[in-house]
Amino acid sequence: LTDNRNRISEERGWELMWLATGLFACSQGLLKELMMFLRTRRHPISQDSMHRLQKTIRNGQRKYPPHQVEVEAIQHKTTQIFHKVYFPDDTDEAFEVDSSTRAKDFCHNISQRLSLRTSEGFSLFVKIADKVISVPEGDFFFDFVRHLTDWIKKARPIRDGSNPQFTYQVFFMKKLWTNTVPGKDRNADLIFHYHQELPKLLRGYHKCSREEAAKLAALVYRVRYGENKQELQAIPQMLRELIPSDIMKMQSTSEWKRAIVASYNQDGGMSSEDAKVAFLKIVYRWPTFGSAFFEVKQTTEPNYPEMLLIAINKHGVSLIHPVTKDILITHPFTRISNWSSGNTYFHMTIGNLVRGSKLLCETSLGYKMDDLLTSYISLMLTNMNKNRTIRAN
């Protein structure tokens with residue numbers, strides 16, 4: 001970059017400088033020289049490189065080379081990078097991300113933009129190929145995506161000699177439901193909680209009575225159509241979108257319609273938004289509210305059915321009968337001593353390693369179960385330490 005008479009070569013040098021200053025700092029011996037160099041250049045990128053260097057010194061250095069998005073940004077002379085983030089209510093927004101943005105900062109920025117009361121329990125998820133993976137809050141965002149893309153490429157063989165290009169999407173969702181109380185954070189209820197809980201209900205994961213199902217269906221209808229009664233005639237055709245799949249056969253289509261319309265008429269005047277909160281307040285009463293559910297095949301416990309439904313939530317890990325939806329047992333996090341996962345399994349030890357019982361499950365979602373368990377236990381320990389500090393003070 002000094003006395004370079006080739007303009008193209010010099011421009012590429014500045015691009016490289018911009019990328020490098022966002023990845024790592026130099027040694028103390030060189031730092032003074034580099035700062036002086038950047039301060040005295042008139043090139044438009046020099047000031048931005050200076051700010052990036054200061055941020056890197058402050059926030060720590062990255063583990064991986066720059067992500068393709070960062071490389072393309074500087075090649076197009078756009079030093080601002082905007083990233084689209086998708087939400088459960090089918091909306092999306094663009095947020096500015098830079099080389100030193102950690103997942104925690106990203107979550108905080110999104111929470112502020114959406115006027116959420118807190119970002120606790122929320123997480124960024126990256127959907128790539130057939131996987132949806134939670135971004136650890138301490139990781140640099142671009143490091144995580146780069147690492148993930150490289151890992152997927154290695155796992156997938158190259159076909160026809162061409163290198164597959166993996167595109168990814170970023171989602172922001174509620175992950176840990178420890179302190180979730182419907183009505184406490186309206187925006188979180190409207191954008192996240194309702195839209196994340198509805199699919200679990202419709203898949204038949206909760207134990208739900210006929211009366212509750214009709215009441216919830218009326219609220220789901222109201223969320224969608226408000227005070228518009230014209231669509232009530234079409235309820236028989238849309239039952240799959242209103243009633244849990246496992247109890248649909250409990251009564252005839254016309255009986256369901258009658259019950260749903262009666263419940264809908266009782267709530268006359270209620271807004272679509274209020275219907276979302278009312279829906280959540282009913283589901284909140286169930287022990288399985290805010291769970292992540294996994295359909296697995298277990299091979300270690302002869303007293304339980306071979307096919308099991310596992311729910312991971314703030315109470316711990318619950319084993320649920322797949323047909324009756326009865327909770328067979330709940331293992332609190334304090335009793336779980338060990339767990340591991342692989343491509344085809346999830347393994348957990350309850351109690352101590354010598355006399356404890358083991359649960360081995362066949363599942364392709366072991367990585368998700370592993371991550372959820374780790375995250376819930378980590379949050380539990382953080383809160384215990386906070387409480388200890390408060391008591392000590």
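First, some housekeeping. What we have is a predicted model, where local features need pLDDT of at least 70, side-chain atom pairs count only at pLDDT 80 or more, and totals for chains, interfaces and linings use all residues. Residues are numbered from 1 along each chain as its sequence is written, and side-chain values use heavy atoms, with hydrogens and water left out.

Okay, the big picture. The protein chain has eleven helices and twelve strands; those are DSSP runs, H or I of at least four residues for helices and E of at least two for strands, numbered from the N terminus. Along the principal axes, the C-alpha atoms fill a box of roughly 85 × 65 × 60 Å. Of the 393 residues, 43% are buried, where buried means under 20% relative accessible area, exposed means over 50%, and partly exposed is in between, using a 1.4 Å probe and protein chains only.

Now the salt bridges. I'm calling it a salt bridge when a side-chain nitrogen of Lys or Arg sits within 4 Å of a carboxyl oxygen of Asp or Glu. By that rule, we get 17 salt bridges.

Let's start with lysine 77 and glutamate 11, whose side chains pair up at 3.8 Å, N to O. That pair links distant parts of the chain, 66 residues apart: lysine 77 is in the loop between helix H4 (68–75) and strand E1 (81–86), and glutamate 11 is in helix H1 (residues 7–21). Lysine 77 is partly exposed at 41% relative accessibility, while glutamate 11 is buried at 16%. And there's a network here, with Glu11, Glu15 and Lys77 linked by salt bridges.

Next up, arginine 62 and aspartate 143, at 2.9 Å, N to O. Arginine 62 is in the loop between helix H3 (44–59) and H4, and aspartate 143 is in helix H6 (residues 141–155), so this bridge ties together parts that are 81 residues apart in sequence. How accessible is arginine 62, buried or exposed? Arginine 62 is buried, at 8%, and aspartate 143 is buried too, at 4%.

Last one: aspartate 150 and arginine 146, with their closest N and O atoms 3.2 Å apart. This one stays local, because the two residues are four apart in helix H6, about one helical turn. Aspartate 150 is partly exposed at 25%, and arginine 146 is partly exposed at 24%.

That's my tour, thanks.
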